[in-house]
Amino acid sequence: MTSASPNSRLPKSVRVKSPNAHKARPYAIAAAVTVAALAAMALLNRHLAKKAEHDNPPAGRFLEVNGVRLHYVERGSGEPLLLLHGNGSMIEDFESSGLIDLAASTYRVIVFDRPGFGHSDRPRNVVWTPDAQAELVKRALDQLGVSHAIVLGHSWGASVAVALALKFPDLVKGLVLASGYYYPTARVDVAALSVPALPLLGDVLSYTLSPLVSRAMWPLMMAEIFGPRSVPRKFEGFPKEMAVRPSQIRASAAESALMIPDALYFRNEYANLKMPVVIIAGQEDRLIDINEQSAQLHADVSQSRFHRIPRTGHMIHQTATDAVMAAINEAARRPLDERGFSAS
């Protein structure tokens, strides 16, 4: 007959407890609190996102292109002009700058919310490289009956504009590239901004912490992208709450992650651009070194013109709107000179 274990002979009140039980309990409590906090943040962010969409309804119309619902605004008449916004932005950026109204007096202006921004979809079964977005934009323009256009791209939108010009050269009559990133460089900030695009972890961050952090950091981010200028009053028309929705934060992170690989992909292709190219950048851009980027692009594209705008930063269409409008007119109308254009 086997003897009873020592613990079994003791009263329940004096039995020895495993030391691991005391250690596990605080971790379990911390995990439960963390999960509850993340769930609360996700619910709050979902509510704020829905409110932002309610308060900022679509200003334009929609196209269905390859299963993607694209929101766009069209204004004016004349030669088509396509505007492509930067990362984290949307139609209202060009709208608040006054560029749409300014250009609409001469051109048929078409502005898309690029995939995942504003009111446009961004299906997750596609890697939305500049090439993929160029294909989408081309099909959208086909639906609108546009066979040729002047194309302006700002910042990340400049990469889409370049892809469009290389892929569909007969479509792009003239190219305006503003504050673009064209050649790969080491960018620690890009790696940090890309985190919300990571599988699983990125989704958790996008729907919980990232929108709250983005709201807190908004004044600093605006000072960085507008510097050395102050944020103009007209930018108050930009819907910040739309920009900090979880879905748009994830889209922005995905584009940050693609920034350097795409520059690596295109770096040897720029000489194949044959249409008029006007490059414009703020001399004091704090996000992009314009000597490494815009000036180098000008050297690589023989028929390009390059305009450095003094005392201006990354948001050149907001703080030097007239200069950007002049660049559009230059790309559209300037005949060939000794570098490929004729003097007017």
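Select Arg114 and Glu255: their side chains meet in a salt bridge, 2.7 Å from N to O. This pair links distant parts of the chain, 141 residues apart. Arg114 sits in the loop between strand E4 (107-112) and helix H4 (130-143), while Glu255 belongs to helix H10 (residues 246-266). Buried or exposed, what is Arg114 here? Arg114 has a relative accessible area of 2%, so it counts as buried. Glu255 is buried too, at 0% relative accessibility. Keep in mind that you are looking at a predicted model.

**Stop two: salt bridges inside helices**

Now go to helix H1 (residues 19-55) and pick Lys51 and Asp55, which lie four residues apart, about one turn of the helix. They form a salt bridge, with the closest N and O atoms 2.7 Å apart. Asp55 is partly exposed at 42% relative accessibility, and Lys51 is partly exposed at 43%.

Next, jump to helix H4 and select Lys138 and Asp142, again four residues apart, about one turn of the helix. Their side chains meet in a salt bridge at 3.1 Å, N to O. Asp142 counts as partly exposed, with 42% relative accessibility. For a linked set, show Arg61, Glu74 and Arg108: salt bridges that share partners join them into one network. How many salt bridges does the structure hold? There are 16.

**Stop three: charges over rings**

Lys138 lies over the face of Phe168, at 5.3 Å from the ring centre. Then try Arg69 with Phe62: Arg69 lies over the face of that ring, 3.7 Å from its centre.

**Stop four: aromatic pairs**

Time for rings on rings. The count comes to seven aromatic pairs. One of them is Phe235 with Phe238, a stacked pair at 4.9 Å centre to centre and 10 degrees between the planes. Both Phe235 and Phe238 are buried.

Last, select Tyr265 and Phe266. What kind of aromatic pair do they form? This pair is edge-to-face, with 5.0 Å centre to centre and 75 degrees between the planes.

Terms used
Residues numbered from 1 in each chain as written. Predicted model: local features only at pLDDT ≥ 70, side-chain atom pairs only at ≥ 80, totals over all residues. Heavy atoms only, no water. Salt bridge = Lys/Arg side-chain N within 4 Å of Asp/Glu carboxyl O. Helix = DSSP H or I, 4+ residues; strand = E, 2+ residues; numbered from the N terminus. Buried < 20%, exposed > 50% of the residue type's maximum accessible area, 1.4 Å probe, protein only. Phe/Tyr/Trp six-rings, centres within 6.5 Å; stacked < 30°, edge-to-face > 60°. Lys NZ or Arg CZ within 6 Å of the ring centre and 35° of its normal.
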